[in-house]
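We will go from one selection to the next, with a short note on what to look for at each stop.

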Amino acid sequence: MTRLQPLDPAPAFALPASDGTTVSLSDYAGRKIVLFAYPAAMTPGCTKEACDFRDALAPLRAAGYEILGVSPDRPEELTRFAEQESLTYPLLSDPDRQTLTAYGAYGVKKLYGKEVTGVIRSTFVIDEAGAIKLARYNVRATGHVASLAKAMGIPLS
């Protein structure tokens with residue numbers, strides 16, 4: 001499994017979104033992005049992480065960042081998740097896991113001490129030129145957004 005490093009080009013994608021549109025990396029050309037990969041909508045950890053991004057949206061956008069979430073969930077599930085949790089940023093559907101794999105966010109991981117294949121909770125900061133600025137793998141759902149903002153020099157309060 002390939003893991004992205006700073007300065008690597010961000011892999012291109014075009015995925016269906018929770019709002020019925022198709023979102024591609026090229027749609028954000030010249031803008032900064034935080035792309036987070038999570039295992040499944042409406043599960044406790046993923047809900048916590050998605051809501052933390054929702055709650056940090058204003059300071060992240062003020063710093064020039066757009067937020068995108070990606071999971072293998074179907075668009076209909078993502079729509080329900082976005083509505084249920086008042087998520088106002090795009091949630092992207094990658095059911096074949098090609099984008100998740102290209103970002104190194106799908107593969108073997110430890111789950112309760114056992115090795116399983118699945119989505120590796122990860123976050124990628126992509127700069128205006130489309131290069132990886134920061135790649136974090138195996139992040140914890142709780143506290144991750146605050147840690148990421150601190151690493152990026154963005155105050156959340």
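Select V125 and L134 first: V125 stands opposite L134 in β9. Helices (H or I, at least four residues) and strands (E, at least two) are DSSP runs, numbered from the N terminus. This is a predicted model, in which local features need pLDDT of at least 70 and side-chain atom pairs count only at pLDDT 80 or more, while totals for chains, interfaces and linings use all residues. Residues are numbered from 1 along each chain as its sequence is written, and side-chain values use heavy atoms, with hydrogens and water left out.

Now show β8 and β9 whole. They pair in the antiparallel sense over five bridges; two strands count as paired if DSSP finds at least two bridges between them. Together they form a hairpin with five residues between them, and G130 in the turn has a positive phi of about 85°.

Five of the five residues of β8 are buried, so the strand is largely enclosed by the rest of the structure.

Five bridges join it to β8, and the two run antiparallel. Look for V34 opposite V125 and I33 opposite I126.

Which order do the strands of the open sheet follow? Five strands line up as β5-β4-β3-β8-β9, with mixed pairing. β5 (91-93) and β9 (132-137) are at the edges with a single partner strand each, so one side of each has no neighbour in the sheet.

Now select residues 44-55, helix α1. This helix packs on the sheet, touching β3, β4 and β8, and its direction makes about 165° with that of β3. Contact means heavy atoms within 4.5 Å; axes are lines fitted to C-alpha atoms, for helices over the stretch in contact, and angles run from 0 to 180 degrees between N-to-C directions. Among the buried residues of α1 are C46, A50 and F53.

Finally, bring in α5 (144-152). The axes of α1 and α5 come within 9 Å and cross at roughly 45°. That makes α1 oblique to α5 (under 35 degrees is roughly parallel, over 145 roughly antiparallel, 65 to 115 roughly perpendicular, the rest oblique). To see the contact, pick E49, D52 and F53 of α1 with H144, V145 and L148 of α5.

Notes: Expected span 1.5 Å × (residues − 1). Buried < 20%, exposed > 50% of the residue type's maximum accessible area, 1.4 Å probe, protein only.
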